[in-house]
Amino acid sequence: MSIQEKTALVVGAGIAGASICLALKKRNIKTILIDSDMGPALHASGNPIGVVYPFLTKHKTAESEFSLNAFLYFLSVWEKFQLQDLVPHANGIYFLMDTGSSYDRYSHAISSHQIEDQVAKEEMEPISGAKALFFPNGKSVSPVKLTEEIVSLTNAETKYNCQLLTWEESEKDSKILCKTSQGEIQCDYLFLSQGYQFSDDPKSNWLPLKKVRGQILKIPEQSPTNSFGILYGDYLTAPIQGHQVLGATFDEFKLEPEPRPEESESMWKDLCERLPKLFSEWEPLNPRLLQTRVSYRTQSQDRHPIVGKLPNLSKMDLSVKYQNSLRKDGKKIKIPYFERVGILNGLGSRGLTHSLYAAEILVSSVLEEESPVSEKILKSLKPDRFLLRMWKRDQLT
Ligand SMILES: Cc1cc2nc3c(=O)[nH]c(=O)nc-3n(C[C@H](O)[C@H](O)[C@H](O)COP(=O)(O)OP(=O)(O)OC[C@H]3O[C@@H](n4cnc5c(N)ncnc54)[C@H](O)[C@@H]3O)c2cc1C
């Protein structure tokens, strides 16, 4: 059976699932995309506007290298499919370096990552007058439209109001049997991208992922206002279709879905302090009365995405102990996998920037193709890193 005759099931129609569908489409694999909700991008990927830019560190790390590559990959997909004509957006992101430590970190990042001027350069942000990194092709973008457009580029068969309930590898053939709320689906490959609802799946809920609450404010477009997104810890997006977004709060402990007026007020106060010139030109607004949206990121223990084949914990030989494996003739641990099941999760606060590239890495790994990234980056993304950590600490029994 050629690869093109195989079927993949993708679970979750957020930006992660959409990105996986695009990577599968590139390989002409028949794809079914399901979501338990009534449409795509209704959860973490459902904010009115988000920002796209890379995470950088002073010196090159696997994480910063991945993020920069992911940003460049995002831009290449954006251009290839002419998403500028389809997705509401504004180009340009200023990342303020207005403290000594942020200046030290980000100004060095440019040289240590050999970033070219057309990708990012040091430039004064005109409203605050602060030193900043300017990403001319960074974006304020509609995540909902971005997700929808990516899904429509893929020709995936979509099934909404369709929840994955359980899945098993078939013993008699190489199929995966998936029970959903709309009946059974048999597939050759399964890709899991359920966002914060990952914990409903007993085969992946051992992963150290956390649900993290975030709140944003939707502000009617002000005049005059910033035409580029500005990041200063929080972010104020450029206006798109008559609105700007001020985001985002972060709470990993209390997760209630109701908006918190005091959080809106505090974000607003911060904005006024960081960008006083901008604020002084706006009509007075009461932040407590602005539209608010609460949603949930999924964050891994090391804040790096989880991308790769899913380890099969139930088949791991736990009689092999870490201390013994270090001995000269000691038995080495081997990680068993669900060979045709991949996971893309833990996208944290940068899912828009990272998901297209992460999906490409994931699909190439599950299909056993040559990896588009170095071994170092691959290792930093695989779910295995947590399993090995838990095994070393004897936390698996
Ligand atoms: C407040 C806030 C602000 C953010 N701002 C930015 C930003 O500016 N820039 C940026 O890059 N990132 C930002 N992020 C992060 C980004 O939004 C996320 O990383 C990204 O949306 C995660 O996408 P996802 O597809 O993994 O999850 P989701 O969008 O949550 O998608 C998961 C989908 O899986 C479905 N699902 C779950 N379980 C099942 C099941 N059993 N069966 C079928 N379907 C199922 C859900 O219905 C959901 O649609 C922000 C996040 C938050 C919370």
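Predicted model: local features only at pLDDT ≥ 70, side-chain atom pairs only at ≥ 80, totals over all residues.
Q: How many residues surround the ligand, and which are the closest?
A: The ligand is surrounded by 41 residues, and the closest are G12, G14, G195, G214 and G351. A residue counts as near if its C-beta atom, placed from the backbone, lies within 6 Å of the molecule.

Q: Which helices and strands each supply at least two residues of that shell?
A: They are α1 (15–26), β3 (50–52), β12 (209–220), β16 (291–300) and α8 (351–366). Helices (H or I, at least four residues) and strands (E, at least two) are DSSP runs, numbered from the N terminus.

Q: Where does the ligand lie relative to the domains?
A: Domain 1 (3–44 + 147–208 + 301–392) and domain 2 (89–140 + 212–295) both give residues to the shell, so the ligand lies between them. Their bounds come from an automatic or database domain assignment.

Q: How far apart are the C-alpha centres of domain 1 and domain 2?
A: Those centres lie 32 Å apart.

Q: Changing topic, at what angle do the axes of α1 and α8 cross?
A: The axes cross at roughly 40° and come within 8 Å. These axes are lines fitted to C-alpha atoms, for helices over the stretch in contact, and angles run from 0 to 180 degrees between N-to-C directions.

Key. Residues numbered from 1 in each chain as written.
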